Amino acid sequence: MGVAIGYAPGALARYADWHRVGAPCRDDAESPFAGLLGERWLFLPPATRRRFLRKIEAGACVSYLGEVAECRISRAGWLLAQGARLIGAPLPLGTDIGVSASVSVTADADGQGQYWTRQYGRAQGFPQVIHSAKRFAGPTGIEEYLGLGVGIALRLEEAGGALLFVSDHYFLKLGGLVFRAMYGPGEAVEE
């Protein structure tokens with residue numbers, strides 16, 4: 001006896017008015033990324049500036065595709081990344097280069113931050129997927145939350161036309177208390 005799979009009449013009607021939510025570019029003066037980078041913002045290539053000028057609205061998702069060009073990790077960083085598997089592996093675990101990379105960015109509910117989902121291919125095995133939230137807050141103006149109260153305070157820098165997310169320090173939020181470490185993991189480059 002066969003089973004018919006389908007939709008009840010009218011079940012898809014709620015999607016009739018669906019439309020893609022936009023992510024329009026805003027002026028430099030309105031971009032939190034431009035504000036944090038200051039005058040060095042103008043040293044970035046136009047394509048990079050456009051990427052970070054987008055105002056991702058609630059319900060929108062913007063995706064970027066590329067490949068891993070460079071990845072270095074110290075022994076201490078590797079140990080930290082392995083330990084961070086306990087909170088969902090929010091740090092890269094491998095150093096493969098020339099593998100695919102994709103980033104999808106959505107806005108959080110109040111529009112003050114963004115959720116980033118990064119997928120890094122590997123030379124062998126399944127790709128690693130990293131989820132984090134970036135908020136425009138804290139002593140450096142931008143923080144990345146990794147999970148279970150663990151985060152990284154970031155600084156934006158420009159070097160040779162590339163946008164760098166440089167870690168300032170790790171922190172741990174427990175209730176209303178914030179504990180800040182004196183070191184950070186390194187830097188990530190966006191081109």
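Student: Which residues are linked with Lys-134 in a network of salt bridges?

Tutor: Arg-118 and Glu-144 are linked with Lys-134 in that network. Keep in mind that this is a predicted model.

Student: What makes the contact of Lys-134 and Glu-144 a salt bridge?

Tutor: The side chains meet at 3.3 Å, N to O. The cut-off is within 4 Å, for a side-chain nitrogen of Lys or Arg and a carboxyl oxygen of Asp or Glu, so the pair qualifies. Lys-134 lies in strand β4 and Glu-144 in strand β5, so the pair ties together parts that are 10 residues apart in sequence.

Student: Why are Lys-134 and Glu-144 called buried?

Tutor: Buried means under 20% relative accessible area. Lys-134 has 3%, so Lys-134 is buried. Glu-144 has 7%, so Glu-144 counts as buried too.

Student: What does the salt bridge of Glu-158 and Arg-40 tie together?

Tutor: Their side chains meet at 2.4 Å, N to O. Glu-158 lies in strand β6, and Arg-40 lies in the loop between α1 and α2, so the bridge ties together parts that are 118 residues apart in sequence. Glu-158 is buried because its relative accessible area is 12%, under the 20% cut-off. Arg-40, at 34%, is partly exposed.

Student: How many salt bridges does the count come to?

Tutor: The count comes to eight salt bridges.

Student: What makes the phi of Ala-89 worth a remark?

Tutor: Most residues other than glycine have a negative phi. Phi of Ala-89 is near 55°, a positive value. Ala-89 lies in the loop between α3 and β2. Its relative accessible area is 14%, so Ala-89 is buried.

Student: Is Leu-148 buried or exposed?

Tutor: Leu-148 has a relative accessible area of 66%, and exposed means over 50%, so Leu-148 is exposed. Leu-148 is found in the loop between β5 and β6. Its phi is near 50°, again a positive value in a residue other than glycine.

Student: What makes the lining of the second largest pocket nonpolar or charged, by class?

Tutor: The lining has 12 nonpolar residues, no polar ones and one charged residue. Leu-80, Ile-87, Val-150, Tyr-170 and Phe-171 lie nearest the pocket's centre. Each of these types counts as nonpolar, so the five belong to that class. The pocket's volume is about 160 Å³.

Student: Which element gives the most to the lining of the second largest pocket?

Tutor: That is β7, with three residues.

Student: Which residues make the nonpolar surface patch of about 380 Å²?

Tutor: Leu-12, Tyr-15 and Trp-18 make the patch.

Student: How many helices and strands does the protein have?

Tutor: The protein has three helices and nine strands. Of its 191 residues, 32% count as buried.

Methods. Residues are numbered from 1 along each chain as its sequence is written. This is a predicted model: local features need pLDDT of at least 70, side-chain atom pairs count only at pLDDT 80 or more; totals for chains, interfaces and linings use all residues. Side-chain values use heavy atoms; hydrogens and water are left out. Patches are made of residues with over 30% relative accessible area and no salt bridge: like charges are joined within 9 Å, nonpolar side chains (Val, Leu, Ile, Met, Phe, Trp, Tyr) within 5 Å. Accessible areas come from the Shrake-Rupley method with a 1.4 Å probe; for residues, only the protein chains shown count as cover. On a 1 Å grid over the protein atoms alone, a cavity is a set of points where a 1.4 Å probe fits but cannot get out, and a pocket is an open set with protein on both sides within 12 Å along at least five of seven lines; lining residues have an atom within 4 Å of a point. Grid points are joined across faces, edges and corners, and a volume is the space filled by probe spheres set on the points. Helices (H or I, at least four residues) and strands (E, at least two) are DSSP runs, numbered from the N terminus. Buried means under 20% relative accessible area, exposed over 50%, partly exposed in between (1.4 Å probe, protein chains only).
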